[in-house]
Amino acid sequence: MTRRSIITAAMIILGAGLMVFAYFAGAAPWCNNAVECSNPRLEWSPAIFVAGVVIAFSSALYYSVAKDRRK
Amino acid sequence: MTRYVMAVDLNRCQGCRACVEACKIENNTPSAVFWMHVFRLEEGEYPDTKMSFLPRPCQHCNNAPCVKVCPVGARYKREDGLVLTDFDRCIGCRYCEVACPYGVNFFNWRNPDEAWDEYQVPFDDPDLMPVTGGVIPSYKNPDHDRLHGPEQRLTSGSAHFKGVMEKCTFCVHRVEQGLLPACVDTCPVGALKFGDIEDEGSPISTFLRNKESFQLLEELGTDPSVVYVGGTPPTSHAREIERPLTGV
Amino acid sequence: MVPVSRRAFLKGTAVVGGTLAASRFLFETLDAVAGADALALAPFEDRVFTTCWIGKQDCGMTARRIDGRVVKFEGMAGHPRNDGTLCPKGQAQIISIYDPNRVKTPLIRTNAKGVSGEWRQASWDEALQVVADEVNRVRAEDPSLVLWQKGRSKSEAIYDNAFTKAIGSSKLGHGAYCSDTGYRALEYTLGLHGVLNPELVHNRYLLAWGWNLTNAGGNKYCWIVWPRQMLEAREKGLKIVHIDPRLRAAGPFADQWVPLRPSTDLALALSLCHELIAQGYLDRPYLTKYTNAPYLVGKDGLILKQTVGEGDDAEEVALVWDLATGTGRLATEATEPALEGEYTVNGQTYKTAFELFKTHVEDYTPEWAADICGIEATVISQIASEFGENAQIGATTVIDGIEVPYRPVGIMAYHMAQQELGFQALRAMTMVTMLVGAVGAVGGQLADTTWKIHKNYAAFEELTVNDPPYDFTLKGSRYFPINTGFPGMVAKVMQDPARYGVEKLPKVAILHHVNPVLAFTSQPDFLESYKKFEHVTVISPWMSETADLFADVVLPASTIEKFEGPLSASDGYIDAQVLRLPPMDPLFESRGEVDIYLDLAEHIGVLNGADGYIDQINVALGLVDTPFALPDGPRPEVRDIFDRWAKSQGLSGIDHFEQNGIWVKGLIPPTSTYGYVTDPPFGGAVHRLYGESLLKAQRLMQEKGAEEIYYQDYLPFPTWRSPTMDSSPPEYEFYLISYKLVEHKQSRTTLIPLLTELSGKQRIEINTATARRLGISDGDEVVVDSHNAITGETRSLTTVAALTEGIRPDVVGMPHHFGSWSHPASRDLGPTPNEVFFTGEGYMGQTADASFQVKVKISKAGGDS
Amino acid sequence: MATTQDMVSDRLPQGVGRWSRGWLLFMALAAIGVAIGVIGWAIEHDQGMAATGMRDLGTMGGATWGVYISMVVYFVGVSFAGITVAALIRLFNLEHLKGVARMAELLTVVALLLGALAIVVDLGQPLRGLVNLFRYARPQSPFFGTFSLVVSGYLFSSLVYLYLTSRPDAARLAESPSRLQPLYRLWAAGYEPTVDQRARDRKATFWLALAILPLLIVAHSSLGFVFGLQVGRPGWFGTLQAPAFVVLAGVSGIGHLIVLAALVRRVLRQEHRIGIEAFTWLGRFLMLLLFVYLYFVVVEIFTSIYQPTTTEQRISDALLTGRYAWIFWGSVAALVLPAFGLAWMAVTRKWRIGWMVIMGLIVNLGAIGKRYLVVVPSETHGQLLPYPIGTYAPSLVEYAVLIGLFSLGALLIGGFMKLFPIVEMEETP
C-alpha cells in the first residue's frame, strides 16, 4: 500500500464516516412527532454530511493530483 | 401528558364563519388568508338538494405529511399535539403545502406592509398614530412577538414574514395561557370544542365519549387531531358555494 | 398612557433601526412591524365591557386593550343573548373603528348637490351652527317640515323620542329591510308589536316561513339567539319545515324543504287554514274565548254591537250567540258562545265570524294553492296534518308551577312580510296558528317578548280616512289608512306631491345613520327625491352614498366609542339590560350621537326649558320626579346621563355596567311569556280573526275616491289575488328576491373589508337547470332587467351568476348589501338589487311598506337579449 | 488588440482564447438574458413571490409549485445524461465517444448549477435557505436527498470528474505560451504525463465513474420521491415516479448533448473528433430511453383511466382532454415522433445530424412539458377536499427568470469554450 492509497482510502473512509455519522447520529432520522425531531441532534449535521461527501470525492482528487513522494 | 384535540359538531355548525373571522383578527392574518375555512357545500339536484357546512382548521395530524417533508424542521409536531411552524426557520420552499392534503397552508406571498393594502384601510394613517403607535394592523396582537412552548420558538400569529409559510396554530399563544383557540371561543352555537383528550374529565373527552366521529381523509393515514361529529365526510360530488374572496 | 407608547415606539425605531436593517439583509427576518411592541416597555393590558355596534340585538362584548388600544372584541360571558360568543360581524367591526376612511371631522359641502361631494373640513362649532340655522329657519315656518330620519337607532329614548320632540320635527323610520308590514299585521290581529316567532325552546314543529335561519335574525333578536334556541329545540326533536324559495336559508337544518313561489305565501296560508278546518284541527275554547271568531256578523259585514254604559264610559260591545241561553248576548257576558252557525237576532240573520271564515277558506283547497304556490297539494295537506297533530290541541303543561296550554307548533316569519300582499299574508299565517290555539301557548306562537298591547291595536279598531291635503307621509290618507311611513312612498310623494294631495314637503332632513340611496327599494326614486331637500345633514361615521350626493353637512359620529342605551339584553327567558360603553375615546374628531344631539340642541336653542332636550331626556329615561333627574342647566356629560339612569334603576350607577358589563334582572316568569296566563290573558286583547275595521276602511276609501289598487286588500279576511307583478309580460319569467347574508347587516357593512372578504361580492343566484337553459355558467356576467307592470318602466343591472341547486328554477336571488361606492373597500363589489326593485303602486304593501319582489328577465351579458 | 490575440492564441486549439464576432454576439445575447433573469428575480425578491403566478393551494385555488420546480426537475434531468455518458465512456472505454465526453461533463455541471439556482429562486427566503439547509436539513424530508446528494454530492463529484479528465489537456496547453498560460499551469497542478500518472488517472476516473453511477440513480430517484411519496396529492403518489424520472432525465440530457455536440462539431470544425459514430451511439441510446419512457407513459395513462378515484379522474381528464391536454399531447408527440424518427434512422442506418439536433430540441420541449405536468395538475386539480379547481400560469417574472437560467447556462458553456478546449485534445503520439 502506498502512502497515496492509504490517504485516499482514509479520505474515503473519513468522508463516508462523516456521512454515516451525520446521517444517523447527527440528523435524527426516523423521528417525527416530537419537537426534538425538528432539530438535528447536532446542529450543522447536514453541513457535516456534505463535508463528508466532499471529502470522499476529494479522495479521487488527492489520488490523482498529489505529488509523488515515493522513496 | 396533554394532547389537544378539536371537535367539530356538524349538527350545530351554521356555516357563519365567525370562527374564520375570529381567527383572522386574533392572528392578524392579512387578506385572503384563511387558517380556518368553512366550506358551504351543496349536493344533489333541485329539489332534492342537500346542504352542509364543514369547518376546516389545520388538522394538526398525528402523522403529519407536512412535518415529514419539511427540509429544515421548521414545521414540527409537539408532544401536546400541536403542529407548528417556526417562522424564524422556514425557508419558504412550500413543500409542506404540496404535501398537505387539506389545503391549510398559507404562504406569505407579499411584503408584510403590502399584504394589508387589499383591505383598503390604511393603518399607517397619521391620525391613527396617537392611538396605535403605528402598528399594523391597528389591532395587532402583541402576543405574537413572544416565543412559545418549552422549545421557545416564534410560532404564533401571522403576516410578519415575507416568503414564509404559515397556518393555523390552534392559537398556541392562547392555549398556553389556558384560553381556548379564538375560533372555538367565538363560535355562537358551540359547534367547535377544544381540549385535552388525555384528560378523561375534560369537556372534550366527555363530548366525544360514545359519539360516532370521523376524520377528514381518514384513508390517507394522517390521523388528524380534528374530529368531526355528526354529518358525514364530504363526498366528491359536493360543490362549494359562497366562496370567500380568496385572490391575492 | 397612549403618548408613552408612542414615544417608546419612536425611540425604539431610532436605536435599533440600523441593526434591524443589517439583519434583515442576511436572514430576512422581515418583521416590519414587530418593532413597536417588542421594543416598548411591557404593554399595559386590560379588558373593558362594551356592546356590539353592528347588529340589532346588541351583543355583549369585552374589548381586549393594549395600552388603551383595542386589539380584539370577544363575547361577554353570561350575556343572555350571546354568552361569550360573537358572530363574524361582531368580530370584524374592530377593523372599522380604526378605518381612516371614516369621516374624521365635520364636513361642509363645497360643490353642487346631486353629484359626488367635495368638502371642506369645519370645526364642530361651525358645522353645528350651520345645521342649527337651517333647522331654525324651517322651524320658524313649520317644525314638522324638519325631517329626522333614522336607519338604525340604538337609543330610541334619547334620539327618536327626546330629540325629535325637543325640536318638534317629523320622523321617519327605516321600514324597508325590516318587516314593518308584519308588525302592522300582528298589531292588528293580536295587538302585539312584533312579527311571528315560536316559543322556540319548547317548539317541536316549526314552519320556518322565509326564515333565513343560518344568515339572519328574526323577530326581536339578531342571528345568535335564534340558532342557539333552535339547536336546543332540535336536540329535543324539533322538526323544521322550511318554506322558502331558497334552501340556503335553512341549509342543513331544513327537515323538509317547501320551495314556495315568492309572493304566494298568502295562498299557502289560506290553504293551510282550509286544511286545518277540514281535518278538524281546531282549538275551539281558544277561538271562542280569546278571538272575535264567535262575534255575530251581519250581511253588511259589520259586527253586531251594542252600546254599554253611558257618557264617557260608553263603549260598543260585540254580540255573540250564547248557546246556553239561545239568545244573542254581549260577548262579555255570554257563557257558551257559539263558534259556528247562523243566528237571528232582532229579526236579522247573522253568522258568526268563524262561520264566515269557514266559508271564506272553503275554496282555498290544497289543489288550488298547489298551482299558485308551485308546490304539491299533498305537501300542503301533509304539513297541515302534521301541524295540527303536533299542536296537541287540548294539552297543557306545567311551567314553574303554572299550568299552561301546550301547543308546540308555530311559525317563524319576519322579513318575508315585505311583499305586496304581506299584511294579509301575515294575518293569514297568524290565523294558521290561531286555529290550533298555539298563540301564547308553551312552545307555541309568539310575536313579542311581552303581551303589552301596542297602541295601534286600539287605533286600528277605527281607521281614519281623511280628505286631502295630507302630510308627506300620507298619514290618515285614503291611500293608506294603516300607514307605516315607508320612506320609498315618501320619495314618491316628494316627486309628485300634487298626485297624492300633499301640499307641504319637508325642507330640512337630518339623516341619522341612514342611507336611503342604497338601503331602500327603488333607488331611482331616492336619487330623484332627495334633491328636493333644501338642506340635508348626515350623522354617520362614514360618508354614505346619500351623504356623498345630497348632504350639505356631514357630522362624524363615532362607531362603538360612545355611551348609548339603555339596551335590552333579554333572550326571552332572562331579563337583562346593558349600556354601550366606549372601549376607548372617539377616534379622530368624531363624537357619540348623544353628544351630537346635545350640541345640536344647544345650538338650536332647545337644550333647556320646559320640553327642552334635557327635559325630554328626563321624560324618555323616566327620570322625571326622581332624585336623579337632570337639572335644567348647562349641557350634561353623556356619562352622567346614563349614570343617573342607572341610579334611577336602583343600581350603584354606570359603574355597575363598567364593572359587570350587564345588569341581569332575573328569569322572566311564565306569566309574562305565555299569553294564556298573563293578567289579563293575552294582555286583554281580543284576537281579530275578523277584520271589521278593514272593511269599514275600504268603504271609506271608496267613498273618498281612492283607486282600487289601494283599497282592494282592505278586506276583513285575507283574500287571495294575484300580485301585481304577475301581469308583467311573460318574458319577465323570473321572480327576483333579495336576501341577507350572515356576514353583513343591511347596506352598512360592505365597507368592512374583513366581512366582504368572507361574503364575496355581489352575485345572483340562479338554478343550475335554468342557467343551463339560458346558456349561463357560474361566474358569467348576467344582465337583470326588471319590469313594472303598472307603469311599464324597465330597469336593469349587471351582476355575476352564482349557480345553485338550492333555488326554485323560476326564482333568482340577490343579497341586498352591496352597491356602495363611497368607501374604497366597498367600491366595485357589484350593484344593489334595489336598483331594479320598484316602489309605489303594485310594488308596496297596503300598509305603505316596501316589497322586495319584482319580475325580471335574465340574459348573459354581451349576448343578444 | 487583434494582433496580440492572434499572436498568442494561434497555438490554442478550438478557438480558445479568441473571440469571434459570432461568439461575442452569442455571449452578448446570453448576458442580456442573464440580466433579464436577474431583474426578474430582483422584482420577485422585492415584491415577494406574489410577483410569480404561484398561489396557495386550497382556498386560494392556485399552485404553490410552478414552473421553477418543474425546471429543477428538468435541469437535474439534463445533468443526468452528461455524467452518464461520460461515465460510460470511461467505464467501457468507448473511444469514438471521447469527443463528447468533456462537453457531457460540462453539461452536467452547468445543468446542476442551474437546477440549484432554480431551487434558490423558488425559495421564499433564499438566503435563509442556504444557511438553514446546512444547519437543519432533515433526512426525513425527500428534499434532503435533493439537497445533499443531487446538489452537493453530484455537483461536487461532477466537478472533480471534469477536473481530473481535463488535467492532461491543461498540462499540454500550459507548455506553450499564451495569455491563458498561467491559468493552465494552475489547472494542470503539476501534471506530468507519466505512465504512473496516467494509470492513476484512469483508476481514479474509473472508480469515480463507478461511484457516480449509483449516486445518480439514487439522486434522481430521490427527486422522484419528492413527488412520489406524497399520498395527499393524487397523481403523484406511486412507485413509477422514481424510475420514470430517471429515464426522462436521460432523454432530456442526451437530447441536449446531441445538440451541443452537433454545434461544437460544426462551429469548431471538429468533424474528425466527433464522428458520426458518436451520434449514432447517442441516437440509439436516446431511442432506447424514449421507448422505455413511452412505455411508462402508456402505463401511466392506462392506470389513470382504468379505475381512478374521483380526484385522479379529474386530473387525468384535465391532462387527457381538459386544460392541460395541449401540453400533454404536445409533449407526448414531442417524445413519440423523435422516438420513431430515431428508430427509422436506426433501421435505415442513415443518421442525419441535422434531424437529430431538431429531435434533441423537441424531446427537451417534451421533457419540459412532462415535468410541468407532473408538478402542476396535481396541485390545481388534485384537491381532495371540495376546493375549487385551481389555476396557474407563470407570470412574466417567472418567464424572465427562466430566460435568465437558460442564458446563464449558455453563458457558462460559451465562456468555458473560450477558456478551455471543449473537445478533449487528441493525445500527442
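Of the five pairs of chains in contact (heavy atoms within 4.5 Å) in this predicted model, chains B and C share the most contacts. At this interface, 74 residues of chain C touch 70 residues of chain B. Chains A and C, by comparison, are joined by no contact, and their closest C-alpha atoms lie 17 Å apart. Local features were required to have pLDDT of at least 70 and side-chain atom pairs pLDDT 80 or more, whereas totals for chains, interfaces and linings use all residues. Residues are numbered from 1 along each chain as its sequence is written, chains are lettered from A in the order in which they are written, and side-chain values use heavy atoms, with hydrogens and water left out.

The buried area between chains C and B (accessible area, 1.4 Å probe, lost on putting the two together and summed over both) is about 6000 Å², and carbon and sulfur atoms give 61% of that area. Within chain C, the residues losing the most area to chain B are C:E757, C:L758 and C:E805, which together account for 12% of what that side buries.

Ten salt bridges (side-chain nitrogen of Lys or Arg within 4 Å of a carboxyl oxygen of Asp or Glu) were counted between chains C and B. One of them pairs the side chains of B:R17 and C:E743, at 3.9 Å from N to O.
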